[in-house]
Amino acid sequence: MILVSGLWPGLAGALLLGACIGAIMGLPRERFGFISAGISFAMLAILAGIALLQTVPGLAGLWVETASLMLGAYLLGCLVGGAGQMVAKRG
């Protein structure tokens with residue numbers, strides 16, 4: 001919680017950037033898009049697992065935890081922006 005409270009501007013920026021990119025690009029519709037999205041979520045899972053297990057000590061561990069939070073916020077923003085674009089096209 002302390003990490004989130006200290007990094008909230010960066011997390012908000014990652015979320016906003018992801019929402020903008022998701023709104024511009026949309027959700028994946030082709031095979032390559034699904035593969036690259038899967039790789040992104042796999043990297044998030046690996047980073048989150050390393051952060052939760054606390055296998056990397058010290059400053060490098062802080063970087064891993066920060067990266068997992070930032071990547072998660074960015075990917076969440078991409079999903080929200082892509083879903084928003086899909087809803088806007090339907091309406």
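A: The contribution of α2 is the place to start: with five residues, α2 gives the most to the lining of the largest pocket. The model is a predicted one. In total, 17 residues line this pocket, and those nearest its centre are Met25, Gly26, Leu27, Pro28 and Gly33. Besides α2, the elements that supply two or more residues to the lining are α1, which covers residues 2-25, and α3. The volume of the pocket is about 430 Å³.

The C-alpha trace spans about 50 × 30 × 15 Å along its principal axes. Of the contacts with a separation of 6 or more, 80% are between residues 24 or more positions apart. Of the 91 residues in the protein, 22% are buried. The accessible surface amounts to about 6300 Å², and carbon and sulfur atoms account for 77% of that area.

One is on the surface, where Ile35, Ile39, Met43, Ile46, Ile50 and Val56 form a nonpolar patch. Together these residues have about 480 Å² of accessible area.

Searching the whole structure for cavities of 30 Å³ or more turns up one. The largest cavity holds about 30 Å³ of space. Its lining is made up of Ile50, Ala51, Gln54, Thr55, Val56, Gly61, Val64 and Glu65. Two or more of the lining residues come from each of α2 and α3, the latter covering residues 58-90. Here the largest share belongs to α3, with three residues, whereas in the largest pocket α2 gives the most. Ile50 and Val56 belong to the cavity lining and also to the nonpolar surface patch.

To return to the part you asked about, the largest pocket draws two or more lining residues from each of α1, α2 and α3. Met25, Gly26, Leu27, Pro28 and Gly33 are the lining residues nearest its centre.

Definitions and conventions: Residues numbered from 1 in each chain as written. Predicted model: local features only at pLDDT ≥ 70, side-chain atom pairs only at ≥ 80, totals over all residues. Heavy atoms only, no water. Patch = residues over 30% accessible without salt bridge, like charges linked within 9 Å, V, L, I, M, F, W, Y side chains within 5 Å. Areas by Shrake-Rupley, 256 points an atom, 1.4 Å probe, with all protein chains shown as cover. Salt bridge = Lys/Arg side-chain N within 4 Å of Asp/Glu carboxyl O. Buried < 20%, exposed > 50% of the residue type's maximum accessible area, 1.4 Å probe, protein only. Contact = heavy atoms within 4.5 Å. 1 Å grid on protein atoms, 1.4 Å probe; cavity = no way out; pocket = protein on both sides within 12 Å on 5 of 7 lines; lining within 4 Å. Points joined across faces, edges and corners; volume = space filled by probe spheres on them. Helix = DSSP H or I, 4+ residues; strand = E, 2+ residues; numbered from the N terminus.
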